[in-house]
Amino acid sequence: MRYIISLFLLFTVLIFTGCATHGSGSADQHADKFENYNRKMHNFNSGLYRRVLHPVGKAVDTVTPDILLDGLDAILVNLEVPNTAFNNLLQGKPKAAGQDISRFVVNTTLGIAGLIDWASMWGIPEHEEDFGQTLGMYGMAPGSYIVLPVLGGITPRDFFGGLVSIDPTYALRGDALLAYEGTGIIAGLAGASDMEELPSYQDEREMFYAFRHCSVQDGAEVASQSCMKVCEQFEVMLEEELEAISPEPDHPDRLQMLEEADEFMPAYCKL
């Protein structure tokens, strides 16, 4: 309990200091006030992931039917949609909010709680918005990057955005706001990531700022450099995954990976 209270007080201070710091998504424009602590915690998280979460996740993935893991993922994705709709409304995007609501109704009813994505098959677009993005759109600066035990790196704005989120899956996803999705508790235990090591501290920090800046700006020209960095890293990670599967371009598992990659690739990377 003492640790939780201390963590809450720490972030309360960080939130207010972060509000006074303005700038773009470049990590260079945000002072790394907690670098010494961050690097130590990043090393701890990397070791924990490599020695515990990753091997346990691979074991879980081996003994658990794919249909069960895919079904759980589909249900969690569907539960995120109301939060996206709410934030689209807050950001003044009623059309997108209406599409979100339509997705949720269709997939929750006809799609059996999200197990079947009828909405995508019917051409209803998918969006990703959260309260951290909403705060950013209204001018709140991200603040200083800090690495949490197990959950990974985040900024005060996005931490606060998660606290007030109406997304019931936020606690389960852990690091869903990170540029490198798939390295948190649930992803690790589910074997969702095949990375033996987490990215370096510097790379993770830079990608976090770039990813969040581009997300806040919805891929607009003002964030073009951040978006380009995210898309380039996405391509590198995808290519590494494909090569790990098979060098043969027509390999069934490679084709499946490409199909799945298209689903979680940011919209601005498809333009």
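Seven residues, Leu110, Ile112, Leu115, Ile116, Trp118, Met121 and Trp122, make up a nonpolar patch on the surface, and together they have about 700 Å² of accessible area. A patch here takes residues with over 30% relative accessible area and no salt bridge, joining like charges within 9 Å and nonpolar side chains (Val, Leu, Ile, Met, Phe, Trp, Tyr) within 5 Å. A salt bridge means a side-chain nitrogen of Lys or Arg within 4 Å of a carboxyl oxygen of Asp or Glu, and accessible areas come from the Shrake-Rupley method with a 1.4 Å probe, where for residues only the protein chains shown count as cover.

Keep in mind that this is a predicted model: local features need pLDDT of at least 70, side-chain atom pairs count only at pLDDT 80 or more, and totals for chains, interfaces and linings use all residues. Residues are numbered from 1 along each chain as its sequence is written, and side-chain values use heavy atoms, with hydrogens and water left out.

**The overall layout**

- The protein chain has 12 helices and 2 strands; both are DSSP runs numbered from the N terminus (helices are H or I with at least four residues, strands are E with at least two).
- Of the 271 residues in the protein chain, 43% are buried (buried is under 20% relative accessible area, exposed over 50%, partly exposed in between, with a 1.4 Å probe and protein chains only).
- Take the contacts (heavy atoms within 4.5 Å) with a separation of 6 or more: 66% of them are between residues 24 or more positions apart.

**Back to the patch, and a covered helix**

- Trp122, one of the patch residues, sits in the loop between helix H5 (118-121) and helix H6 (131-137).
- Helix H7 (residues 156-163) is mostly covered, with 6 of its 8 residues buried.
- Those buried H7 residues are Pro156, Arg157, Asp158, Phe159, Gly161 and Gly162.

**Two disulfides**

- A disulfide is a pair of cysteine sulfur atoms within 2.5 Å, and the count comes to 2.
- Cys214 and Cys227 make one of them, with sulfur atoms 1.8 Å apart.
- The torsion about the S-S bond of Cys214 and Cys227 is about 100 degrees, so this disulfide is right-handed.
- That pair links distant parts of the chain, with Cys214 in helix H10 (residues 201-216) and Cys227 in helix H11 (residues 224-245), 13 residues apart.
- Cys231 and Cys269 are joined too, S to S 2.0 Å, and their link is left-handed, with -95 degrees about the S-S bond.
- Cys231 is in helix H11 and Cys269 in the segment after helix H12 (252-264), 38 residues apart.
- Cys214 and Cys227 are both buried, and so are Cys231 and Cys269.
- Counting bonded cysteines along the chain, the pattern is 1-2, 3-4.

**The nonpolar cores**

- In soluble globular proteins, nonpolar side chains tend to be buried together.
- A nonpolar core is a set of buried Ala, Val, Leu, Ile, Met, Phe, Trp, Tyr and Cys residues joined through side-chain atoms within 4.5 Å.
- The largest core here has 16 residues, and Cys227, Val230, Phe234, Leu238, Tyr268 and Cys269 have the most contacts inside it.
- H10, H11 and H12 each give this core at least two residues, and the largest share, 6 residues, comes from H11.
- Leaving out residues up to four places away in sequence, Leu238 touches Met257, Leu258 and Ala261.
- Another core, apart from the largest one, has 11 residues, among them Tyr145, Ile146, Val147 and Tyr209.
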